[in-house]
Amino acid sequence: MPPIAKKYPVEQVPPPSFNFNLTQQSSLIRSTMTGGRPRQRRKNTEAITLLSTSWVLNAEEWEVFRAWFNDELKQGVEWFSIPLKIGPVTREFIMRFTDGFTSSHKAVNNWDVSADLEIYDMHNCGFDEVQ
């Protein structure tokens, strides 16, 4: 069952629409045997997918983002839902921060904000679906 997720403030802070990397963490265990090939097996059936992303925000959007992160997400502890285009369509994803965020001030009151996020359920199409 998915966790209860806070809503991302889409009306006040644009979601990241580009500049992200996806990393699927390994869900296998590898054991070295005393003789022969190593044994491999799954740890679990769900692989954790991490998303590294960044936002370019103006001063007002940055203030709203910081307040939302600190107050609504309790310094990034809570899960949140956010619309993102990953693949051919935009859909809602449930995510949480894996740590804090980094922000750097740029010229003309813009802020670059970057963070690593954990995706709750990165639905993958089955092999039969993409054939």
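## Aspartate 112 and lysine 106

At 28% relative accessibility, aspartate 112 is partly exposed. That class lies between buried (under 20% relative accessible area) and exposed (over 50%), using a 1.4 Å probe and protein chains only. Aspartate 112 forms a salt bridge with lysine 106, at 3.8 Å from N to O. The term requires a side-chain nitrogen of Lys or Arg within 4 Å of a carboxyl oxygen of Asp or Glu. Lysine 106 is also partly exposed, with a relative accessible area of 37%.

## Basis of the model

The model is predicted: local features need pLDDT of at least 70, side-chain atom pairs count only at pLDDT 80 or more, and totals for chains, interfaces and linings use all residues. Residues are numbered from 1 along each chain as its sequence is written, and side-chain values use heavy atoms, leaving out hydrogens and water.

## Salt bridges overall

Side chains of opposite charge can pair when their charged atoms come close. Searching the whole structure gives five salt bridges.

Glutamate 63 is partly exposed at 40% relative accessibility. Arginine 66 is partly exposed at 31%.

## Lysine 74 and glutamate 78

Lysine 74 pairs with glutamate 78 in another salt bridge. The closest N and O atoms are 3.7 Å apart. Lysine 74 is partly exposed, with 42% relative accessible area. For glutamate 78, also partly exposed, the value is 23%.
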